[in-house]
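Here is a model to look over. The questions ask what stands behind each label.

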Amino acid sequence: MARFIYIFSLGLGILVSAPLFVQAASNESAVQVEKDNSVGAKLYVAHKCYECHRAEEHHIGPSWQAISLRYANEEDGSSLVERLSTKVIKGGYGAWGILPMNSNPGVSPEDARALVEWVLEAN
Ligand code: HEC
């Protein structure tokens, strides 16, 4: 009986808290889109890049601002966009620290390019 109550309350806890998590995630998205109504911002929300990236603070991955500053002086812009957008789709590691970026196979090459161009404008 105690076990049943335990499992029941655990289930109830998850049911009650799940909408809170969903709400927290969509608030975050709302904030981002409010600031910036561009295609890039919409893709950022649609592809859930916010799970690891923020505009100005380091989260799990580097901030958009840090990425944009780092590559600001890169000579050949088009190959930079190609390289970074391939990394967005396939994932990769070693440029910013020990954490790898997972692959994002649901992101099309066009969306990845649009996202990277948007990120590189972020400062
Ligand atoms: C699960 C976490 C996670 C998600 C989701 C994620 N990233 Fe990343 N991203 C990272 C980490 C960690 C790094 C740093 C990787 C490294 O050190 O090379 C990174 C690095 C990057 C870089 C810089 C790469 C470089 O070589 O300098 C770009 C651009 C980027 N992410 C874009 C995106 C975009 C766009 C999305 C959404 C489609 C996305 N990321 C989703 C974790 C994530």
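Q: How is the model numbered, and what kind of model is it?
A: Residues are numbered from 1 along each chain as its sequence is written. The model is predicted: local features need pLDDT of at least 70, side-chain atom pairs count only at pLDDT 80 or more, and totals for chains, interfaces and linings use all residues.

Q: What is the mean pLDDT of the protein chain, and which elements are lowest and highest?
A: pLDDT is the predictor's confidence in each residue, from 0 to 100. The protein chain has a mean of 83, and 72% of its residues reach 70 or more.

Q: What makes the pattern of the protein chain α-α-α-α-α?
A: Helices are DSSP runs of H or I with at least four residues, and strands are runs of E with at least two, numbered from the N terminus. The protein chain has five helices and zero strands. Read along the sequence, that gives α-α-α-α-α.

Q: Why is Gly-92 called partly exposed?
A: A residue is buried if 20 or more other C-beta atoms lie within 10 Å of its own, exposed if 12 or fewer, and partly exposed in between; C-beta atoms are placed from the backbone. Gly-92 has 15 such neighbours, so it counts as partly exposed. Gly-92 sits in the loop between H4 and H5. Of the 123 residues of the protein chain, 15% count as buried.

Q: Which residues does Gly-92 contact, leaving aside its neighbours within four places in sequence?
A: Contact means that C-beta atoms, placed from the backbone, lie within 7 Å. Gly-92 meets this with Lys-87, Pro-100 and Met-101.

Q: Which residues make the contact where H4 and H5 cross?
A: The axes of H4 and H5 come within 9 Å and cross at roughly 120 degrees. Axes are lines fitted to C-alpha atoms, for helices over the stretch in contact, and angles run from 0 to 180 degrees between N-to-C directions. H4 gives Val-81, Leu-84, Ser-85, Val-88 and Ile-89. From H5 come residues including Pro-109, Ala-112 and Arg-113.

Q: Which residues are closest to the ligand?
A: The shell takes residues whose C-beta atom, placed from the backbone, lies within 6 Å. It holds 27 residues, and the closest are Cys-49, Cys-52, Gly-61, Trp-96 and Met-101. Helix H4 (77-90) and helix H5 (109-120) each give two or more residues to this shell.

Note on methods:
Two residues are in contact if their C-beta atoms, placed from the backbone, lie within 7 Å.
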